[in-house]
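Me: I have a sequence and a model open and would like to go through them step by step. Can we start with the terms and then work through the parts?

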Amino acid sequence: MPNPMDIMKLMGMWNTFKSNHPKFPKFMAAAAQPGVITEDTILEMKITTPDGRTMETNLKITASDLEMIQQLKNIR
């Protein structure tokens, strides 16, 4: 069982993150709507470091990915 103090600390950190990056939780909420992420949806990620280096990747969502996402939603 999780330590309640750790959960409270994490909640505070999440609130700070949301304050620092208000668009991100809104984006995630929109992406979590039914029908947005379906099988064969492609997710892309790009990282740009302060010195200009970049890394990019993508993945195509499979049926098993959707099953895992649903299980994660059920944990909340």
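Reply: Helices and strands here are DSSP runs, at least four residues long for a helix and at least two for a strand, and they are numbered from the N terminus. The model is predicted. With those terms, T41 is placed in the loop between helix 2 and strand 1.

Me: What pattern does the protein chain follow along the sequence?
Reply: The protein chain has three helices and two strands. Read along the sequence, the pattern is α-α-β-β-α.

Me: Why is the protein chain said to be more spread out than a compact globule, and what is its radius of gyration?
Reply: For 76 residues the globule rule gives 11 Å. The protein chain is well over that value, so it counts as more spread out than a compact globule. The C-alpha trace spans about 40 × 40 × 20 Å along its principal axes. The radius of gyration is 16 Å.

Me: What percentage of the residues in the protein chain is buried?
Reply: Buried means under 20% relative accessible area. Of the 76 residues in the protein chain, the buried ones make up 7%.

Me: Is T41 buried or exposed?
Reply: The cut-off for buried is under 20% relative accessible area. T41 has 18% relative accessibility, so it counts as buried.

Me: Which residues does T41 contact, leaving aside its neighbours within four places in sequence, and which residue's backbone oxygen lies 2.7 Å from a polar atom of its side chain?
Reply: With those neighbours left aside, T41 is in contact with V36, L59, K60 and I61. A polar atom of the T41 side chain also lies 2.7 Å from a backbone oxygen, and that oxygen belongs to T38.

Me: What is the phi of D40?
Reply: D40 is in the loop between helix 2 and strand 1. Most residues other than glycine have a negative phi. D40 is a residue other than glycine with a positive value, near 75 degrees.

Me: How many residues of the lining of the largest pocket are nonpolar?
Reply: The largest pocket holds about 850 Å³ of space. Among its 22 lining residues, the closest to the centre are M28, A31, A32, I37 and I69. Helix 2 (23-31), strand 1 (42-48), strand 2 (54-60) and helix 3 (63-75) each give two or more residues to the lining. Four lining residues are polar, three are charged, and the nonpolar ones number 15.

Key:
Residues numbered from 1 in each chain as written. Predicted model: local features only at pLDDT ≥ 70, side-chain atom pairs only at ≥ 80, totals over all residues. Heavy atoms only, no water. 1 Å grid on protein atoms, 1.4 Å probe; cavity = no way out; pocket = protein on both sides within 12 Å on 5 of 7 lines; lining within 4 Å. Points joined across faces, edges and corners; volume = space filled by probe spheres on them. Nonpolar A, V, L, I, M, F, W, Y, C, P; charged D, E, K, R; others polar. Buried < 20%, exposed > 50% of the residue type's maximum accessible area, 1.4 Å probe, protein only. Polar contact = N/O pair within 3.5 Å; in protein donor to acceptor, adjacent residues only side chain to side chain. Contact = heavy atoms within 4.5 Å. Rg over C-alpha atoms; globule rule 2.2 N^0.38 Å.
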